Amino acid sequence: MPMIEMKNVSKWYGEFRVLTECTTQVEKGEVIVVCGPSGSGKSTLIKCVNGLELFQQGDILVNGISVGDTKTNLPKLRARVGMVFQHFELFPHMTITENLSIAQIKVLGRSKDEATERGLKLLERVGLKEQAAKHPGQLSGGQQQRVAIARALSMDPICMLFDEPTSALDPEMINEVLDVMVELAQEGMTMMVVTHEMGFAHKVAHRVVFMDQGKIVEDDKKDAFFGSPRSERAQQFLSKILHH
Amino acid sequence: MATWDWQVFCKDTIDGKIVPGCFGGSGDTTYLDWLLSAWGWTLSVSLLALLVALALGALMGILRTTPHRGLVLLGNAWTELFRNIPLLVQIFLWYHVVPALIPPLRGVPSFILVVLGLGLFTSARISEQVRAGIQSLAGGQRMAGLAMGFTLPQTYRYVLLPMAFRIIIPPLTSESMNIIKNSSVAFAVSISELTLFALQAQEETSRGIEVYLAVTGLYFISAFAINRAMLFVENRMRVPGMIGGGT
């Protein structure tokens with residue numbers, strides 16, 4: 001059973017169709033990179049996986065559980081799916097430690113001590129242990145994004161979704177975030193990553209999904225995608241993004 | 001300039017004689033006693049109405065930002081109802097019309113009706129501020145909360161409201177000060193608060209200047225005290241690393 005299975009997902013904003021029959025899957029331990037021009041529906045697609053965006057047709061199964069089924073307990077499902085956002089979205093009024101422990105306590109029912117210990121361990125892992133008592137506004141963008149990754153990991157997720165995790169970062173901070181993600185990938189975490197970082201895709205992705213105008217145009221093994229993309233649109237996209 | 005006579009406050013309200021020490025003893029009431037009691041009524045009406053306004057305003061403001069269309073409609077209707085009718089008219093409606101339409105309210109003291117009238121009027125304004133505060137956080141924080149596995153109520157409780165309320169402390173301060181000033185409409189339904197005191201005391205004593213200056217001073221002090229209290233709260237709640245938050 002795939003970790004994430006997407007079957008003919010379509011979505012409309014009123015009359016406007018943003019996703020058209022998107023079908024793909026992510027196996028356990030697999031890393032897939034979703035790329036494509038802006039406005040192609042990548043972010044919308046990844047937000048459908050944990051039900052942050054609703055879709056009108058098709059279905060998505062996460063670890064066998066249907067996201068589209070109205071009877072599904074979405075908070076319970078989301079608690080096991082880690083998500084990292086473009087703009088970090090740490091909770092600004094909480095310290096870093098509180099950011100890392102609040103959901104463990106309120107959602108998973110862990111004790112405060114247990115949650116704090118687990119949070120600090122993950123914070124150390126992303127190299128920010130000394131920032132534990134600070135607030136998000138006191139950290140750089142790259143540091144905030146690493147905390148956001150640690151926060152998602154604190155819930156012991158079965159898979160991780162990344163929605164353009166480096167797009168809002170200064171160039172010199174991109175690598176510190178990518179390094180953490182590469183490490184995660186190498187440890188066997190199941191990951192679905194929307195990104196334009198083709199270096200990251202080269203290094204750790206198993207498959208690349210290319211989207212254009214709400215459709216999955218290409219869904220191929222990494223080497224096949226970079227070697228000889230079949231669609232003209234993907235060829236254009238790659239030549240622009242790789243040779244700038 | 002006419003000579004001022006501050007002794008007026010030491011006069012007994014019945015026989016007009018100056019009472020030594022200015023405070024009437026057993027059974028006697030000086031204008032100073034009356035002034036202070038009126039101040040007490042003003043503060044009571046204001047603070048109780050503020051509680052009503054904060055509770056209902058926050059609730060309605062929250063409802064208007066939920067994904068449920070029915071709740072949004074309820075919050076919107078509430079807000080529009082109470083902010084599109086003049087405050088004085090609302091007070092009269094509570095006093096004259098509502099008890100006539102809803103018989104169980106007939107025995108309710110006018111003090112309670114004024115608290116409800118002023119509280120609901122202000123709740124519409126606070127609802128608007130709470131809605132604006134929540135919406136200023138954009139969609140990202142809501143999604144982040146939900147993505148962590150929080151339910152919608154938990155997302156409001158732990159993620160959205162703590163920031164939204166911090167953001168709207170300045171307009172809430174104005175609103176809290178307004179409620180002190182707006183409580184003066186209570187005189188219209190014979191609540192013995194500061195404005196009613198001023199009207200009656202200047203009529204009885206003909207010392208309008210002293211009476212109104214004293215009442216003005218007490219209104220100012222009351223509103224200013226709220227202002228300072230809210231500033232204290234604002235400083236205490238400041239988030240390090242945010243605009244104006246220091247380090």
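**Labels against cut-offs**

Tutor: Start with the contact between the chains. The model is predicted. Between chain A and chain B the count of salt bridges is zero. On the side of chain A that touches chain B, α2 (74-79), β6 (81-84) and α3 (96-106) of chain A each supply at least two residues. By class, that side has 14 nonpolar, five polar and six charged residues.

Student: How many residue pairs are in polar contact between chain A and chain B?

Tutor: Four, with both residues at pLDDT 80 or more. The contact takes 25 residues from chain A and 22 residues from chain B.

Student: What is the area buried between chain A and chain B, and what part do carbon and sulfur atoms give?

Tutor: About 2,000 Å², and carbon and sulfur atoms give 71% of that.

Student: Why is A:Arg207 called buried?

Tutor: Buried means under 20% relative accessible area. A:Arg207 has 8% relative accessibility, so it counts as buried.

Student: What makes A:Asp219 and A:Arg207 a salt bridge?

Tutor: The cut-off is 4 Å from a side-chain nitrogen of Lys or Arg to a carboxyl oxygen of Asp or Glu. Here the closest N and O atoms are 3.1 Å apart. The pair links distant parts of the chain, with A:Asp219 in strand β10 (residues 215-221) of chain A and A:Arg207 in strand β9 of chain A, 12 residues apart.

Student: How do you know that A:Arg207 and A:Glu30 meet in a salt bridge?

Tutor: Their side chains come to 3.0 Å, N to O, and the limit is 4 Å. A:Arg207 lies in strand β9 (residues 207-212) and A:Glu30 in the loop between β2 (16-26) and β3 (31-35) of chain A, so the pair ties together parts 177 residues apart in sequence. Both A:Arg207 and A:Glu30 are buried.

Student: Now chain B. Why do B:Arg125 and B:Glu175 tie together parts of the chain?

Tutor: B:Arg125 forms a salt bridge with B:Glu175, with the closest N and O atoms 2.7 Å apart. B:Arg125 is in helix α4 (residues 110-135) of chain B and B:Glu175 in helix α7 (residues 169-182) of chain B, so the pair joins parts that are 50 residues apart in sequence. B:Glu175 is buried, at a relative accessible area of 3%. B:Arg125 is partly exposed, at 35%. Elsewhere, salt bridges that share partners join B:Arg64, B:Glu80, B:Arg83, B:Glu128 and B:Arg131 into one network.

Student: How many salt bridges does the rule give over all chains?

Tutor: The count comes to 17.

Student: Why is helix α1 of chain A called largely enclosed?

Tutor: Seven of the eight residues of this helix (residues 42-49) are buried, so the rest of the structure largely encloses it. Among the buried ones are A:Lys42, A:Leu45 and A:Val49. After α1(A) comes A:Gly51, with a positive phi near 75°.

Student: Which residues touch the most other members of the largest nonpolar core?

Tutor: A:Ile4, A:Ile60, A:Met192, B:Leu35 and B:Phe197, in a core of 107 residues. Helix α1 (residues 31-63) of chain B gives the most to this core, with 13 residues. Apart from this core lies another, of 48 residues, including A:Leu153 and A:Phe200.

Conventions: Residues numbered from 1 in each chain as written. Chains lettered and ligands numbered in written order. Predicted model: local features only at pLDDT ≥ 70, side-chain atom pairs only at ≥ 80, totals over all residues. Heavy atoms only, no water. Contact = heavy atoms within 4.5 Å. Buried area = accessible area lost by both parts, 1.4 Å probe. Polar contact = N/O pair within 3.5 Å; in protein donor to acceptor, adjacent residues only side chain to side chain. Helix = DSSP H or I, 4+ residues; strand = E, 2+ residues; numbered from the N terminus. Nonpolar A, V, L, I, M, F, W, Y, C, P; charged D, E, K, R; others polar. Core = buried A, V, L, I, M, F, W, Y, C linked by side-chain atoms within 4.5 Å. Buried < 20%, exposed > 50% of the residue type's maximum accessible area, 1.4 Å probe, protein only.
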